[in-house]
Amino acid sequence: MPANRYENQSGTGSSLLLSNSAMGIDFDVNDYIKTLKKDSGPFKCPMCDKTYKSVIGLQYHLNTYDHDNPSPAVPASVATPIKQKGRKLKVGVTPKNQIASSPPKEGITYLESEHLVRLDCNGKTVKIPVLDALPVMSLEEYESKCKTASDFEAFAVTPPEEPEVQLPEGKFKEIEDYTICDAPARPNAYIRFIEKSSEELDGEVEYDVDEEDTTWLSIINERRAAQNVGPVPVDSLELLMDRLEKESFFQAAANGQNGAVVDDDAVCCICMDGECQNTNVILFCDMCNLAVHQDCYGVPYIPEGQWLCRRCLQSPSRPVDCVLCPNTGGAFKQTDHGQWAHVVCALWIPEVRFANTVFLEPIDSIETIPAARWRLTCYICKQKGNGACIQCNKTYCYAAFHVTCAQQAGLCMRMDTVKGTDSNPVVVQKMAYCDAHTPLNALQTTPGNSPEGGPPTDAREVTREKMKKARKLLALKRTSAPVILIPTIPQNRIEEISSLVNIPKKQQFIQRLIAYWTLKRQYRNGVPLLRRLQSQGQAQGTGIPGCRDRTDGSPDAQELYQQLKYWQCLRQDLERSRLLCELVRKREKIKLILIKTTEQLVMTTLNPIESVLHRILDQLEVKDDKEIFREPVDTEEVPDYMDIVKHPMDLGTMRQKLKRGMYVRIEDLEQDFALMIRNCLAYNNKDTMFYRAGVRMRDAGAIVFRTVRKELERAGHFQQPPPVASLPTSATAPATSVASTTSSRSVGSQEDNIAMDIENELTKITGQS
């Protein structure tokens, strides 16, 4: 049997390896310990009858105790001290790492230290001392004792009594002379429900009184009772309120107060994009004229008939406020706590989620937004603690702004889908920037720039002006009260409505009723009290030949039907025209891209060197990651620069010369590049970062020029030019500059030769190895 080793770590980290055979044991300790782990203690040593409370103690005893020699086993080796750097051993002092360490103590629990055993019996915990003798009785002895001993009684725990539940008893009573009626005859055809038309509903009473109406009517009846006048019934109130509502609706249609007009160029108020597809069209709310995409607002299927947004559907009369921003208006959805929030705010704030990602409602996880986000101050509206803000995506920029404020100010806000992990293959990357860190490609699309993109300073100024206008507009929206239009009813129509009821002191009651009805409409922000008229008010209007007289309030069913058909056809035609214009715009956009591509192809064919020079300059600008050579040196910051450098050069100047067509060959561009590097190395010391950047730029530029030449040689557009003497860039340069240029060129060639020799030697050494 192979000897099993037990590793014991002393205080110095040294180990003692002892074999089982040296301890007088002829069996495997680990296998023996595995068989004992299933039992409960105490455990007895099979060699010396020593008792241990735990398996670990017995295992340590078997591995360390020599059963052949009763004395304890001596360690086989003594740990050598580890010398520490910078310290010397003193004479007569024993180092800490040479102190004889005692074997590690065995860890025991509290019950083992108290010599107790814990048992769970019938849901109770019982602790029994280990050292106390316990009487043990077998089952046969227990049964015999129960039979022989008369005074021995065994007590059994009775289970708790369950409450008795009495089922209800059914009661019945017999009825004498009871006859069952025959079932009615089944009709020959199905019973169909035909919805009433608008003309039929106009003649019926659709208004239902609520608690507010009942309370007001009870107060009026109390006052009438004090004047010894009869009360007004509820049916009369419903009839009068219904006629007032419908008459106001007809007057609004006749006067042209049909609300907001649908804008064909409207964009989605969530993504601010006007493009749509067949599966993702822009929907307009029939009540508030809100424009949203299907995917942006969570409308998977276009409903037939009218479509209302969530705010108009659930809170048409009362304005709602967003819990995530201080702005009103826009696309709202309800939260899981019954509040309201903008959909765009929920999309951009990272902690907020949608419980249903298809319908995008309700909005939840608002309570997980950290408190620091609520305390941020929006730098657009200057409000703090009113809503949750997001911050600029630029590193080290802490500008905070509300999502709707950023939309109003026209800040750059992008959502892109990137490739994620296997568990989450598609990840949405959100990037929002303040006006100071807006990317240049986003600034070039800003209106007001030149066709070529314009300088960045012009775009910044346009953004600042737009920011100022947005602040004024947001402040105006928060301070201005909504305009509520309550149509007036002509006096002759009021008299016709009052003639429908017959009550005492009718004129006084009608005046009070009209005042109450006006206040109720104002409280509901001008929304009609009848549900059916809330959405139909947006589809009615004037300007159609044959419409009724403005002064006459009598409804004409045929005229209303013709108006409805006219507006429906007009809406469909306008939608087709808008889609056609959208297709034309896309076609022209593709044609513009095609023309630009063709232009680049022709220019490359006519003058391939120019495109190559542009590509070389682009690669050199990429190599200049710290933008040291991007612009000319500022002589105000470095006054003595022109004393040393007579012919300054930089990548920006090279770009301007390339645009003016001053470079005909690659050597011309390479000469200016070499001049720029020589200027950098001549002015700066070797221990500066600019000198090192010049050396790196020189090496990177040499690789770029060499690679481009090889590509042109393979394509057949380049031949090896004859050696050209180094000349200054300006014909009027003094002789001293020519000498310095020649000397610098010779020094640079010597350094290149040394570098080539070192590379050859390294290649030989590696080849030999």
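**Close-ups of a predicted model**

At 46% relative accessibility, Met272 counts as partly exposed (between the cut-offs for buried, under 20% relative accessible area, and exposed, over 50%, with a 1.4 Å probe and protein chains only). This is a predicted model, where local features need pLDDT of at least 70, side-chain atom pairs count only at pLDDT 80 or more, and totals for chains, interfaces and linings use all residues. Residues are numbered from 1 along each chain as its sequence is written, and side-chain values use heavy atoms, leaving out hydrogens and water.

**View A. Met272 and its positive phi.** Met272 isn't a glycine, yet its phi is about 55°. Look for Met272 in the loop between helix H7 (234-255) and strand S7 (282-284); helices are DSSP runs of H or I with at least four residues, strands are E runs of at least two, and both are numbered from the N terminus.

**View B. Ser365, another non-glycine with positive phi.** Here phi is near 65°. Ser365 sits in the loop between S12 and helix H11 (371-374), and is buried at 18% relative accessible area.

**View C. A cis peptide bond at Pro362.** The bond from Glu361 to Pro362 has omega near -10°. Pro362 belongs to the loop between strand S11 (353-354) and strand S12 (363-364).

**View D. Where H1 meets H2.** Val29, Asn30, Tyr32, Ile33 and Leu36 in H1 touch Val55, Leu58, Gln59, Leu62 and Asn63 in H2, contact being heavy atoms within 4.5 Å. By class, that's 7 nonpolar, 3 polar and no charged residues (nonpolar: Ala, Val, Leu, Ile, Met, Phe, Trp, Tyr, Cys and Pro; charged: Asp, Glu, Lys and Arg; polar: the others, Gly among them).
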